[in-house]
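Hi everyone, thanks for coming. Please have a look at the screen while I bring up today's protein.

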Amino acid sequence: MPMPSYPIYCYTDECKNLAQYKIAARWSDGVVSELKTYGLCCEDCLATWFARGRESHRKCRLIPGETLEEPGIYRLERGQRDQTLTRVAELESGLSGPKAKAE
Ligand SMILES: [Zn+2]
């Protein structure tokens, strides 16, 4: 689905910023592949929503044949389809938590 052309706001209650990022994981059942969206958020709320996405990902139960990649951070761009969103890997590694850094 193409992104709507009207402004999209951060999913955090009380947050009035425009959403800049999408937290999503690529899901597939072997035939169809799509981005499963966990949240849309601004830069300030990114860490919260990324953590929430990873939590949902851990709880997700897949049926045989389904695959779900680790959640990623995608830069939202007006008018772009999910398939063409840019994944921002450097932000993900920065938010992976102290455990990843200590190793
Ligand atoms: Zn926000």
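I'll go from the overall layout to the core, and then to one tyrosine. This is a predicted model, where local features need pLDDT of at least 70, side-chain atom pairs count only at pLDDT 80 or more, and totals for chains, interfaces and linings use all residues. Residues are numbered from 1 along each chain as its sequence is written.

The layout, then. There are three helices and five strands, in the order β-β-α-β-β-β-α-α from the N terminus. Helices (H or I, at least four residues) and strands (E, at least two) are DSSP runs, numbered from the N terminus.

How much of the protein is buried? Of its 103 residues, 19% count as such; buried means 20 or more other C-beta atoms within 10 Å of a residue's own, exposed means 12 or fewer, partly exposed is in between, and C-beta atoms are placed from the backbone.

Now the largest nonpolar core, which has 15 residues. A nonpolar core is a set of buried Ala, Val, Leu, Ile, Met, Phe, Trp, Tyr and Cys residues joined through C-beta atoms within 7 Å. Tyr21, Ile23, Cys41, Leu46, Trp49 and Ile73 touch the most other members. Strands E1 (21-28), E2 (33-41) and E4 (72-75) and helix H1 (46-59) each supply at least two residues, and E1 gives the most, with four.

Finally, Tyr6, in the segment before E1. Is Tyr6 buried or exposed? Tyr6 is exposed, because it has 7 other C-beta atoms within 10 Å. Its C-alpha atom is 8.4 Å from that of Arg78, 72 residues apart along the chain.
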